[in-house]
Amino acid sequence: MQNPADNQQVLHSGPVVAASLSLLLAFLTLMVSHHISRLTRELDNMVHAYGHWIPGSTGSGPDGSIGSYSGKETLALMVWLGSWLIFHQLWRKQDLSLQVWTRFFVISLVVITLGFFHPLSDPIVLFVAGLFGIH
Amino acid sequence: MQAGEYIHDHFTKIVVRSQVAIAFTLLLLLPAANFFYPTDYGLKAGIHGVSAILAIVIGTYLTHRAIPLIKGMHVRLESLRRWVLFATVLNLAGAISGNWIYMRYRGQDGPRDWILAHVPNFHNVLMEFKEFVSLFPFPLMLAATFTLYYYGMPIQYRRDITRFVGITILVSWSFLLLGFAAGLVLAKLRFV
């Protein structure tokens, strides 16, 4: 029978961190692209352009369309799957501290979630946009 | 008094299972009614509602299975990961059908137009929040599924990894519930 201690050495926590960090980055991409798209019409069109491949991303009338939401989703998908692949390759043989990572992961999720709550996030977004000269 | 493990007898099992079956059927009727609402978008609304309720039910069940994972107890991994995979598929269905019905929500004279004209904050704050947090459960659940299948049975020897998977399931459920409650409020306010 295998000794449990032997097994422990075979497993690496790197892939767990890779899978969860990549989705954090995807949610962050959703948040950033969402706030950018709200600043000006040009920026909205720029974000929207990434989502034109999604059926129902453009159009008007009663049936509507999801508009630039499609671009935000596409950017998030690209960041999610792309970064997951890269981090997984980098860390699949590494053991990273999940104790630290779990805390960071949950706190980051809470912060990103609050970033989607406009009464809280809008003053910050407008301040940052002001630094770039966008009003 | 004896303090041993409580084991359900036959009668208790029948009561519990009947209760679950009745509650589940009635709960499912809530979104299934959408199919018969007087609107051109009953099919889209019905599919989104049914997949959302199913995701909520399975997600809630999984929160109970997540506790032993967090505590580092021995779990039936084969069954657990099949349920988590099932939840992942349901959450994807919820997100895709959500995109589908969101088109009509934003359409001409759709719920968004009405809400902006009458109670704008329900769109500007609640919907703008809901449309994004509702996308969270699927990737979270997929990460949990990936982890359970990637490591396989030896995962039981790594309590830190099972704990992380358990927490991911709980977090996914929290976002699911946030999106679900917000979605219900909006659908109740102005149906498609």
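Chain B has seven helices and zero strands; here helices (H or I, at least four residues) and strands (E, at least two) are DSSP runs, numbered from the N terminus. This is a predicted model, in which local features need pLDDT of at least 70 and side-chain atom pairs count only at pLDDT 80 or more, while totals for chains, interfaces and linings use all residues. Residues are numbered from 1 along each chain as its sequence is written, with chains lettered from A and ligands numbered from 1 in the order in which they are written.

Take the contacts in chain B between residues at least 6 apart in sequence: 75% of them join residues at least 24 apart. A contact here is a pair of residues whose C-beta atoms, placed from the backbone, lie within 7 Å.

Chain A, for its part, has six helices and zero strands. Its radius of gyration is 19 Å, well over the 14 Å that the globule rule gives for 135 residues, so chain A is more spread out than a compact globule. (The radius is taken over C-alpha atoms, and the rule is 2.2 Å times the number of residues to the power 0.38.) The box for the C-alpha atoms of chain A is roughly 65 × 35 × 25 Å along the principal axes, and 33% of the 135 residues are buried.

Now for where the chains meet. The contact draws 36 residues from chain A and 35 from chain B. On the chain B side, α3 (77-105), α5 (120-133), α6 (137-151) and α7 (159-189) each supply at least two residues. That side splits into 21 nonpolar, seven polar and seven charged residues, where Ala, Val, Leu, Ile, Met, Phe, Trp, Tyr, Cys and Pro count as nonpolar, Asp, Glu, Lys and Arg as charged, and the others, Gly among them, as polar.

Helix α4 of chain A (residues 69-91) has buried residues including A:Y69, A:W80 and A:W84. The buried residues of α4(A) pack against α2 (14-37) and α3 (41-49) of chain A, together with α3, α5 and α6 of chain B. In chain B, helix α4 (residues 111-118) buries B:P111, B:R112 and B:I115. Seen down the axis of α4(B), these fall within an arc of 95 degrees, so they line one face of the helix; the arc is that of the directions from the helix axis to the C-beta atoms.

What about the nonpolar cores, that is, sets of buried Ala, Val, Leu, Ile, Met, Phe, Trp, Tyr and Cys residues joined through C-beta atoms within 7 Å? The largest has 68 residues, and B:A55, B:V84 and B:A144 have the most contacts inside it. Elements giving two or more residues to this core come from both chains, among them α2 and α4 of chain A and α2 (42-71) of chain B. A second, separate core of nine residues includes A:I66, A:Y69, B:I101 and B:M103. Beyond its neighbours within four places in sequence, B:A55 is in contact with B:A87, B:L90, B:N91, B:G94 and B:L176.

Methods: Two residues are in contact if their C-beta atoms, placed from the backbone, lie within 7 Å. A residue is buried if 20 or more other C-beta atoms lie within 10 Å of its own, exposed if 12 or fewer, and partly exposed in between; C-beta atoms are placed from the backbone. A nonpolar core is a set of buried Ala, Val, Leu, Ile, Met, Phe, Trp, Tyr and Cys residues joined through C-beta atoms within 7 Å.
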